[in-house]
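Student: Could you go through this one with me before I start on my own notes? I would like to hear about the overall make-up and then jump around a bit.

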Amino acid sequence: MASHAKVAQQFARQLFAMSVVDGAVSADRVEGVLQFVEKHKVANPVMVLKAYHRLVSIKLSKSVALVEHSGAVSAATLAAIEAAMSKKYGRTVKAKAEPNPELLAGMRVHVGDDVYESSIAGQLAALAASV
Amino acid sequence: MSTVLEQIEQQIAKLSSKAVKKNTGNIRTVADGVAKIDGLSDVMYNEMVQFPGGAIGIALNLEEDEVGCVILGDVSQLKEGDEVTTTGRLLSVPVGKALLGRTVDALGQPVDGKGPIDSKETYPVEKIAPGIIVRKSVSQPLFTGIMAIDSMIPIGRGQRELIIGDRGTGKTTITIDTIINQAKINKVGLASGDKNFRPVYSIYVAIGQKNSNVVRTISALEAAGALEFTVIVAAPAGDNPANQYLAPYSGAAIGEWFMENGMDALIVYDDLSKHAVAYRQISLILKRPSGREAYPGDVFYLHSRLLERAARLDGKGSLTALPIIETLAGDVSAYIPTNVISITDGQIFLETDLFNQGIRPAVSVGLSVSRVGSAAQIKATKQVGGKLKGELAQFRELAAFAQFGSDLDAKTKAQLDRGSRIVELFKQPAFAPLPIELQVAVLFAMQKGFFDPIDIKKIANASASLKNFFTTRKDPLLAEVRTKAALDKDLEAKLLAACEEWKSSYSA
């Protein structure tokens, strides 16, 4: 079982490597990979596709700035975030707004594993942790 | 004026709205105190990571797309998908004199119910050992209070001396005796007001032991008045393997504080066999490749980097390490024993047979050695016990040979008689370390043949009588031996006269 998972993981990595063009995930290549998996009888297809999905989603999350906000956020702010993040990471980062009233006020930006916290909820949590 | 205020307000607004960056990940799996985490792309090796609910972890496996962490603390509340954040810090423990007399866990948190520890400083748990330049050779003695050890296998400050033997052979007792002896010496030294006196503080690290054993050790130290000079770091058998793995490093960090601040410290690792087992468990769960006896490949480095932290530093203090290794059926050639033997500066081997014969401490003279300690031995001990090791080794050989025949020449018989007497003299009860000056007096009496006419069965009584005689009636002479630390003609004459006096009173 463990070795099956390992083989599936390795195969998914190969498929993922083929899906990246110029440092970004190519939609065409992804489609091609899915067709390949469907056409050829790949061993443990569910395991392979799950691992592939995980790798692609990690890669995609690195080029998206998920902006959680409480209250209104202007298009200019989103554009400023896009510009700042693209400059910081050296790749094109698209901003995507998502309202989250639990933040109370302010915003929280996710780019891949990095989280930029500028919300009241985050500050309260930091305060609670320090007490 | 208003523009100035606006400027300040803008500055405040800028500062208060500054975003805090953190690197996060999510738990993929959590089992047996180890979590596999997705994300944490910025995490560093050995970095502390924060789990929800206050638990912390240490990143030990940095893989292509996941991070393996050992969790310190309660894992029962953690679940798949929980967010984990990096802290950018290495694990640190509180250090300083405030820890003396206290029992702490692997993270330096008190577990003795005596309230919080008022410690101002922290030291990282993992630290690179001092290099060559800053070290100084071992030249100051560290008295264990055990006659067999101080006379034949002397230990110096900054040395690493392994104590090895099967279960139930008195390994822990030797270390507790040593700690008690340091406390006794400290009390005498501090009371004397000698400015050059350097007390030795002790750290006892209990790894994978039963809680009852740890309590017994604490009680023994408390009863002997040694706890006030001792820090206990406890990671008992019920603790998770991560804590057991970390405890010796935490103890080393506590000891390093004393060393770095110009003081001398002694650290006991009880025991490193269980430490290796805890590390093996962690490594297997982290799916690291296993080698001999299923230990991971870096099990040598596990102990070498720990024991290398014991040193004597030039212009500063020292840290002496007494690691303990438990063998199975006396097999010193097993994997972990050979590793630690090769790292340390000598070993004290305890034999089950000797222990069962009533020879306690059951030190095997042939297999025990101190590679650097003789440079630290005081001259007085060398003068009275320099040939002891050879004589005793010869006796063991002859004794084995003599079993086959009864016709022995006079010389062999004399050697056997003398050997048996030395063995009897070296018998010492637990938790009763002897001051070095008293050891010198007893060995002097033995060397001058005062025990020769006494029946072997009565040697223990005679020895006790001699010790009693010296402590009650010849205290100034003992103090002279202690301060001079060498026997000149005058002192030898005084010791001889005292022994004669004892002999007449004893035979009478």
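Tutor: What follows is a short talk through a predicted model, beginning with chain B and then moving to other parts.

Student: OK, how many helices and strands does chain B have?

Tutor: Chain B has 16 helices and 16 strands, and along its principal axes its C-alpha trace spans about 100 × 60 × 40 Å. Of its 508 residues, 46% count as buried, and among the contacts in chain B between residues at least 6 apart in sequence, 72% join residues at least 24 apart.

Student: And the largest nonpolar core, which residues have the most contacts inside it?

Tutor: Those are Cys69(B), Val205(B), Val233(B) and Ile267(B), in a core of 133 residues. Helix α5 of chain B, residues 241-260, gives the most to this core, with 11 residues. There is also a second, separate core of 11 residues, which includes Val67(A), Val93(A), Met107(A) and Tyr116(A).

Student: Going back to Val205(B), what is it in contact with, leaving aside neighbours within four places in sequence?

Tutor: Its contacts include Val233(B) and Ile267(B), both of which are also among the residues with the most contacts inside the largest core.

Student: New topic: where does chain B touch chain A?

Tutor: Strand β1 of chain B, residues 20-31, gives the most to the side that touches chain A, with six residues. In total, 11 residues of chain B are in contact with seven residues of chain A, and the residues on the chain B side divide into three nonpolar, six polar and two charged.

Student: Which strand of chain A is joined to β1(B), and how do the two run?

Tutor: Strand β6 of chain A, residues 114-119, is joined to β1(B) by four bridges, and the two run antiparallel. One of the pairs is Glu117(A) with Val20(B) as its bridge partner in β1(B).

Student: Now Met44(B), where is that, and why does it count as partly exposed?

Tutor: Met44(B) is in the loop between β2 (34-39) and β3 (47-50) of chain B. It counts as partly exposed because it has 13 C-beta neighbours inside 10 Å, whereas a residue needs 20 or more to be buried and 12 or fewer to be exposed.

Student: Last one: what span should helix α4 of chain A have?

Tutor: At 1.5 Å a residue, the 15 residues of α4(A), 75-89, should span 21 Å, and the end C-alpha atoms are 21 Å apart, which agrees. The helix is followed by Gly90(A), whose phi is positive, near 70°.

Key. Residues are numbered from 1 along each chain as its sequence is written. Chains are lettered from A and ligands numbered from 1 in the order in which they are written. This is a predicted model: local features need pLDDT of at least 70, side-chain atom pairs count only at pLDDT 80 or more; totals for chains, interfaces and linings use all residues. A nonpolar core is a set of buried Ala, Val, Leu, Ile, Met, Phe, Trp, Tyr and Cys residues joined through C-beta atoms within 7 Å. Two residues are in contact if their C-beta atoms, placed from the backbone, lie within 7 Å. The expected span of a helix is 1.5 Å times one less than its number of residues. Ala, Val, Leu, Ile, Met, Phe, Trp, Tyr, Cys and Pro count as nonpolar, Asp, Glu, Lys and Arg as charged, and the others, Gly among them, as polar. Two strands pair if DSSP finds at least two bridges between them.
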